[in-house]
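Hi,

Here is the structure I promised to pass on.

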Amino acid sequence: MGTDIRVHQVYAGRVLQGPGARSLVPDELERLGSERVLLVTAPSSAEVGQDLAVALGERHVATFARPVQHTPVEVTAEALVLAGEARADAIVAIGGGSAIGLSKALAIRTGMPQVAVPTTYAGSEATPVLGETENGVKTTRRDPAFAPGTVVYDPELTLSLPRGLTLTSALNALAHAVEALWDTGASAATRAYGVEAADGVLTALPTVLDRPSDVVARGRLQEAAWLAGACLAQARMGLHHQLAHALGGTFGLPHAELHALLLAHVMRFNLTAAPDAAARLARVADGDPALAIATLAARHDGPTSLGALGVPRAALREVAERVAADPYPNPRPVTADAVEELLLAAW
Ligand code: NAD
């Protein structure tokens, strides 16, 4: 086979989008032929879950309301018992990556179809990927069966996102898009998603930070998150995601905050070696894209450096060596010295 043949696969089959879209979830379940619905809700989505349960009436058979980050298998086992006892035949997950992760874990074990209703910008709903934790060890698997068949994006559900999570979660989405743009194996479609996602985040995020209740800007940000999630699903992630996995896994750091503070540093490192991505991002940012993202990241009221997140300076060399020993595909060669320098700048 030729080495320049690209494969583009689309995952979520149906995407509904717009203010109030959550009211169409019962119709979506009807399309699926579901009569016994299990709701998986994040703590922040309890009220939305209750409203949906009322709308579903007897078709709602159970709610599991305690999803946990990184999908621990013991939590999945607990939810599986509930799903079995209730004889559920479909899942609706309302929440961020943690609720959607649990939905994926249940779907692959039972074959139940999923409707995902995301309330953050993390993008898990658009991917065929699941990271699960067992005995403190996180393992990531990829399988088309993980991808929810229907995704419902309702920007009204993001109005309650606190300012900090709005900012860091949107930059988490932007990181998926940026890495897709410098992936030399990505398809034309993924590049298009990457540009539109980056444009959406850079345009809408400042507006949302100034006016958190602006549903139109929230909708644009959510569209960007959808396309960024599609980038994560379809392109190969490079040094940025590798560093986030290595640091997040070793030190148990908050997912979105870590992505947000690393991104501009990795861009400064990579963009000189990725002129096509650099040119596209410069057009979108109307100037230096790394500077635009650093300026946004600095608007976070919480930790904006690895040191402030609690990473010991002494650990940076070891992380750099580990990453350089087995690097993800990346436009610029990854050496321990260069990565250590990058980490020191982020520290
Ligand atoms: P999360 O789902 O863990 O949610 C973080 C917190 O925010 C929770 O307390 C939640 O209740 C609250 N929250 C969510 N939406 C809210 C809203 N609209 N208003 C107020 N509070 C709200 O956070 P996340 O960043 O969305 O997801 C992180 C998890 O998802 C990690 O486990 C990560 O590994 C995973 N993830 C997986 C993929 C994938 O493709 N498999 C992609 C991205 C993230």
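**A buried valine to start with**

Val323 counts as buried, because its relative accessibility is 1%; buried means under 20% relative accessible area, exposed means over 50%, and partly exposed is in between (1.4 Å probe, protein chains only). You'll find Val323 in helix H13, residues 316-325. Helices (H or I, at least four residues) and strands (E, at least two) are DSSP runs, numbered from the N terminus. Which residues does Val323 touch, not counting those up to four places away in sequence? They are Leu239, Gln242, Leu243, Ala246 and Val334, where contact means heavy atoms within 4.5 Å. His245 is 78 residues from Val323 in sequence, but their C-alpha atoms are 9.9 Å apart in space.

Before going on, a word on the ground rules. This is a predicted model, so local features need pLDDT of at least 70 and side-chain atom pairs count only at pLDDT 80 or more, while totals for chains, interfaces and linings use all residues. Residues are numbered from 1 along each chain as its sequence is written, and side-chain values use heavy atoms, with hydrogens and water left out.

**The whole protein**

The protein has 14 helices and eight strands. Its C-alpha trace spans about 60 × 50 × 45 Å along the principal axes. For 347 residues, a compact globule would have a radius of gyration near 20 Å, and the protein agrees with that, at 20 Å. That radius is taken over C-alpha atoms, and the globule rule is 2.2 Å times the number of residues to the power 0.38.

Of the 347 residues, 52% count as buried. Take the contacts between residues at least 6 apart in sequence: 75% of them join residues at least 24 apart. The accessible surface comes to about 14500 Å², and 54% of it belongs to carbon and sulfur atoms. (Accessible areas come from the Shrake-Rupley method with a 1.4 Å probe; for residues, only the protein chains shown count as cover.)

**Salt bridges**

How many salt bridges are there? The count comes to 19, a salt bridge being a side-chain nitrogen of Lys or Arg within 4 Å of a carboxyl oxygen of Asp or Glu.

Asp154 is buried at 0% relative accessibility, whereas Arg22 is partly exposed at 31%.

Glu132 and Arg109 also meet in a salt bridge, 2.9 Å from N to O. Glu132 lies in strand E6 (residues 129-134) and Arg109 in helix H4 (residues 97-110), so the pair ties together parts that are 23 residues apart in sequence. Glu132 is buried, with a relative accessible area of 9%, and Arg109 is partly exposed, with 37%.

Then there's Asp183 with Arg236, at 2.8 Å between the closest N and O atoms. Asp183 sits in the loop between H5 and helix H6 (188-210), and Arg236 in the loop between helix H7 (215-234) and helix H8 (239-251), so this bridge ties together parts 53 residues apart in sequence. Is Asp183 buried or exposed? Asp183 counts as buried, at 9% relative accessibility, while Arg236 is partly exposed, at 40%.

There's a network of salt bridges too, linking Arg317, Glu321, Asp337 and Glu340.

Phe64 lies in strand E3, residues 60-64, and is buried at 4% relative accessibility. Leaving aside neighbours within four places in sequence, its contacts include Leu38, Val40, Leu82 and Leu102. Ala79 is on that contact list as well; Phe64 and Ala79 are 15 residues apart in sequence and 6.4 Å apart in space, C-alpha to C-alpha.

Most residues other than glycine have a negative phi. Thr71 is not a glycine, yet has a positive phi of about 45°. Thr71 lies in the loop between E3 and helix H3 (73-86) and counts as buried, at 5% relative accessibility. Arg87 has a positive phi too, near 50°. Arg87 is in the loop between H3 and strand E4 (90-95) and counts as exposed, at 57% relative accessibility.

Cheers
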